[in-house]
Amino acid sequence: MVTKAEQEKNVHTLKVDFAQLKSEMQMLEKNDFAVMKANNERLFAEVERLDQKLRDEISRTQASVRLDLNLEKGRIRDEASGHELKITETDTKIESAIANLRTQMETIKFQILQYMIGTITGTSALVLAYMRMFS
């Protein structure tokens, strides 16, 4: 059996121990919270850094794609101008061939006209001679 004074002393000692335990637990909780907050901030900063890195990478990729597209457009323009030049050369050759054919046709017409005139003149002379002979 314990006296009332000893019991109160034990209760007081236990209350003091519980108060110390409570303050230690609160201190540990604050420390844990501070560590967790620091980890959170570190992770947030890491996410921000990765986000910025991703944006930079996207920008570089877009710039690369734009450059590739511009190079391809330039190549296509060069190719198109080459095709246009070939078309122009072909048109010139066709026009030259047509002009040569027209010249040949005019020459042939002139020769046919000469032969016709010669033939008509010869035939007329023969007809006139025949008519004179029999008249």
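Predicted model: local features only at pLDDT ≥ 70, side-chain atom pairs only at ≥ 80, totals over all residues.
Of the 135 residues in this protein, 1% count as buried.

**Overall form**

What does the secondary structure of the protein come to? It amounts to one helix and zero strands. The helix, H1, covers residues 4-134. If you turn the model in your viewer, you can follow the C-alpha trace, which spans about 190 × 20 × 10 Å along its principal axes.

**Two annotated stretches**

The UniProt record, an unreviewed entry, annotates residues 4-60 as a "coiled-coil region". The unreviewed UniProt entry also places a "transmembrane region" at residues 112-131. Here is what the model shows over each stretch.

| Residues | Helix | Strand | Distance between end C-alpha atoms |
|---|---|---|---|
| Residues 4-60 | 100% helix | 0% strand | 82 Å |
| Residues 112-131 | 100% helix | 0% strand | 28 Å |

**Surface and charge**

The accessible surface of the protein comes to about 13000 Å², and carbon and sulfur atoms account for 63% of that surface. As for charges, the protein has 20 positive and 21 negative ones.

**A few side chains to visit**

Is Phe44 buried or exposed? Phe44 sits in helix H1. Its relative accessible area is 54%, and because exposed means over 50%, Phe44 counts as exposed.

A search of the whole structure finds one aromatic pair. Tyr130 and Phe134 form that pair, with an edge-to-face arrangement: the distance is 4.4 Å centre to centre, and the angle between the planes is 65°. Both residues lie in helix H1, four residues apart, which is about one turn of the helix. Tyr130 and Phe134 are both exposed.

Notes: Residues numbered from 1 in each chain as written. Heavy atoms only, no water. UniProt positions renumbered as here; feature names shortened; annotations may be inferred. Helix = DSSP H or I, 4+ residues; strand = E, 2+ residues; numbered from the N terminus. Buried < 20%, exposed > 50% of the residue type's maximum accessible area, 1.4 Å probe, protein only. Areas by Shrake-Rupley, 256 points an atom, 1.4 Å probe, with all protein chains shown as cover. Lys, Arg positive; Asp, Glu negative; His and termini not counted. Charge placed at Lys NZ, Arg CZ, Asp CG, Glu CD. Phe/Tyr/Trp six-rings, centres within 6.5 Å; stacked < 30°, edge-to-face > 60°.
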